[in-house]
Amino acid sequence: MADKPLVVASLADHELYVKIVEEHFRVVWWEDYIKGPEKYNNDIQGILVDAYGRLKRVDGSLLDHLPNLKIVSTLSVGTDHLDLELLFKRGIKVSRVPDVSSDCVADWGITLLVGMARRIVEGVDSAKNPATPFDFNIMGKKITGSTIGVVGFGRIGYKIAERAYGFSMKVLYYDVFRRSEEEEKKIGATYYSSVDEMLPHCDFVILIVPLLPTTRGMIGKKQFELMKNSAILVNVARAQVIDQDALVEALKNKTIRSAAIDVTYPEPLPDDHPLRFLDNIIITPHMGANSEESRRGVVVAGVKSCIAGVKGEPIPNEVLPPTQKPGKLH
Amino acid sequence: MGLEKLLTCPSIRAGEKYRASQEMASLEDKPMVLTSHVDELNAYPQIFVPVIKKYFRIVWWADFENDQERYANEIQGILVNGGLPKITSELLDTLPNLKIVSTLGVGTDHLDLQLLKSRGIKVSSVPDVSSDCVADWGMTLLVAAARKLPEAMKSATDTATPFNYNILGKKITGSTLGIVGLGRIGYRIAERALGFKMRVLYNDITRRPEKEAALSLEYYSSLDKLLPNSDFIITVVPLTPQTHGMMGREQFKLMKKSAIFINIARAPVVQQDELVEALQSRTIQAAVLDVTSPEPLPPHHPLLHMPNVIITPHMGANSLESRRGVVEAGCESCTAAIQGKAIPREVVL
C-alpha cells in the first residue's frame, strides 16, 4: 500500500470507481482532502477529476499547493474546467478521455431529439399521472425524412449523424473543418461553413462542439430568429454554447418549437429559474456519458493515463500544448 | 334537409357550423358517412374534421342514435376511429345502403371481418401511411427506456427530486435488438436500429430473405430462441389468434434479466398480469407499453406505479402529418367503394 502513488480524486460518485482507482493508487477523495490538505499536499502526484465532482476547476488555487504533482487526468472529453495554460507552464502533464463515451453521448443526443420531437415526457405523464388526463392525441413532430443540422462534426457529431441517417433524416453539418467526400457520402451529409446559413433549413439543430472562445454563446437571439418556428434545439455540448437567457425568450415566444438540453448554467438551475417552468423544454442532468459501460470505461482509461503520467511513461490521450491553429473541434 | 340537423348538432362547434352553412350547396352532393365523435383527448381532434368534410357529409354517432330514421338509408360508409363506432350486426341491420367500413388505422382486430364478409360489405384499413411514424416511436421508446429519460427529466426539473448526475442507463450502441414481427413497421425499426450499430435479430411467421440480406438481419424461426439473445425485445405484430398472448411468463423467463421489453403492437399480445409478475420479480429489467388492457389502466393498476415501467397513451402514429394522412387515406378508400371503383388499401375478406 505504501508503494502506490497518492492521488487526489474528485469524481461524481466515487463508489462506482473505488475498486478501479484503488487498484493502482492510494486515494484521498476530495471531501477528505479539503478537511486537512497539509497532510497530503507534498505526496500528491496525480489529480483525477471529472466535470461532476465537488472540485469545479483545477487552477492555481489548488496547483500552488502540490509541489510534486505530475499529472492531471480528467475523466471527461472536455478540458474547459482545467487551467491548461497554467498546467502547461508548470510542466504538469494533462490527459483526457476523448473517445470512450462517444457512442454513449451520440445515443443520448438522439434520445433527447426523438424524445422531445415525439413528446414522450408528456405522454408518460398523461398515462401514468392520475392528475393528468389520458390523451390519445398528443401530436409530435415528424422525424423520418426531416432535416437535422449538426453543429460540430467531431467524433460524437458524426456518430449522431449516422443515427439520424438511420431515421432517413437529411443531414446538414457545420464545423470549422470539412469531412472527406467519402465520409459525407456515407450519410448523405451536406457541409455548411456558416452556422447562420445552415439554421434556416433545419427541423432539428443539435449542438456538439467543445466550449471554446469561438463557440461560447454561438447560439443566441440572432440564431433563434434564423431557425424555423417549428424547429427543435438539442444541446449535448456545454451550456455556455447557448445564450441561456436568449433561449428562455425564444421558448417563451415560440420563436422555436422546443428544446432539449443536457447542460445548463449553473447545474442544477436554481429552483425559480424560468427554464423549469416552460412546457416546451426537456432538461436532463448532464448524462450524455451515462451508461455503466461508458462511465466505467472512462475511469479505466483515465486511470491508465494517470499511471503513465506518474511513472513518466508515454501518456495515452495526452492533451498537448497548442502548437497548431486554435479552434480544431475534433 | 340534413343541414338543419348539422347546424343544431351539439357535437359540432360554432366555427364548424358557420362553415357548414357556407358550404350548403356543395355538401348536398357529397355522400353521407357515419363516424364516432370529436373529442380532443379521446377521439378525433377537431383539426381532422375538415379533412373528412372534403369528401363526405358527416353523421356523428350521437346524432345517428337520436334519429336513425333520418340518416340510416343515406349512410354509405362508416369511418371507424379508435375502435368506434363498434360494428355489430344490429348496426348493420339499420344501414341498407352501407358499402364499406373504413378503419382509420393499421389494425383490424376490432372488426368482425366474418360478419362484414357475410353481409357483402367492403373493408379498408390504412396499413402503410403511419409506418415511419410508428417505427420512429418504437425507437423513441427503446432509447428513452434504455437511458431513463423520464427519470432524468424529473431529476433536473422537479425541485422535490434531487439533481442526480449518476442516472446510469443501458448501453444502446452495439447491443442486440430482437424484433418480433418484421412487417412494414418492424423493418423500419431495424433500419433505425442499425444506425445505432445494434445487432438486429428477428422472428416472424414468414422468413423474409430479401429484407434479411438488405439489412444483415438474423432470422430466428422460434421466438423462444430469439429471446435469450436479445438486450431489447420489441413486439410489432398484428393481433391474431397466433399472436394473442404470445409474450407470457415463459417468454419473460427466457429473456435476459437485463433486457427491456417494448410493446407497440396490441395489448393482448402480452399476458399483462404475467408481465407485472416478471417486472416485480426482476425477471426482466424494464418494460415500455404504448398499449395496455384496458386503455387507460385503472388508477391503482401496478403497472402505473412501477419505476421500471414506461406507459404511453397509444401514440405510435401521432405526428400531425401521419394522423392526417391516415384520415385522408381512409376517406379515399371509403369514397372509392361508394363510387364503385377499385378500393385502395382494401382488406380482402
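The structure is a predicted model, in which local features need pLDDT of at least 70 and side-chain atom pairs count only at pLDDT 80 or more, while totals for chains, interfaces and linings use all residues. Residues are numbered from 1 along each chain as its sequence is written, chains are lettered from A and ligands numbered from 1 in the order in which they are written, and side-chain values use heavy atoms, with hydrogens and water left out. The annotated span of chain A is 30% helix and 16% strand, and its end C-alpha atoms lie 10 Å apart.

Turning to chain B, its secondary structure comes to 16 helices and 12 strands (DSSP runs numbered from the N terminus, with helices being H or I of at least four residues and strands E of at least two). The radius of gyration of chain B, 23 Å, is close to the 20 Å that the globule rule gives for 349 residues, so the chain is as compact as a globular protein of that length; the radius is taken over C-alpha atoms, and the rule is 2.2 Å times the number of residues to the power 0.38. The C-alpha trace of chain B spans about 65 × 50 × 35 Å along its principal axes. Of the 349 residues in chain B, 56% are buried (buried means under 20% relative accessible area, exposed over 50%, and partly exposed in between, with a 1.4 Å probe and protein chains only).

An open sheet of 7 strands is found in chain B, with the order E8-E7-E6-E9-E10-E11-E12 and parallel pairing (two strands pair if DSSP finds at least two bridges between them). Its edges are strand E8 (218-219) and strand E12 (309-311) of chain B, each pairing on one side only. Within this sheet, strand E6 (residues 176-180) of chain B is mostly covered, with 5 of its 5 residues buried. In a regular strand, side chains alternate between the two faces of the sheet. Accordingly, Thr176(B), Gly178(B) and Val180(B) point one way from E6(B), while Leu177(B) and Ile179(B) point the other way.

What joins E6(B) to strand E7 (residues 199-203) of chain B? The two run parallel and are joined by 5 bridges, and Ile179(B) stands opposite Tyr202(B) in E7(B).

Helix H16 (residues 320-338) of chain B has 19 residues and reaches 27 Å from its first C-alpha to its last, close to the expected 27 Å (1.5 Å times one less than the number of residues). H16(B) is mostly covered, 14 of its 19 residues being buried, and just after this helix Gly340(B) takes a positive phi of about 75°.

Over all chains the count comes to 37 salt bridges, each defined as a side-chain nitrogen of Lys or Arg within 4 Å of a carboxyl oxygen of Asp or Glu. Arg163(A) forms one with Asp103(A), with the closest N and O atoms 3.4 Å apart. This pair links distant parts of the chain, helix H7 (residues 155-166) and helix H5 (residues 102-117) of chain A, the two residues being 60 residues apart. Arg163(A) is buried at 0% relative accessibility, whereas Asp103(A) is partly exposed at 26%. Both belong to a network of salt bridges that also includes Asp107(A), Lys159(A), Glu162(A), Lys186(A) and Lys197(B).

Arg178(A) and Glu184(A) form another salt bridge, with closest N and O atoms 2.8 Å apart; Arg178(A) is exposed at 54%, while Glu184(A) is buried at 8%. In chain B, the side chains of Arg192(B) and Asp136(B) meet in a salt bridge of 2.8 Å, N to O. Arg192(B) lies in helix H11 and Asp136(B) in helix H9 (residues 131-146) of chain B, so the pair ties together parts that are 56 residues apart in sequence. Arg192(B) is buried, with a relative accessible area of 1%, and Asp136(B) is buried, also with 1%.
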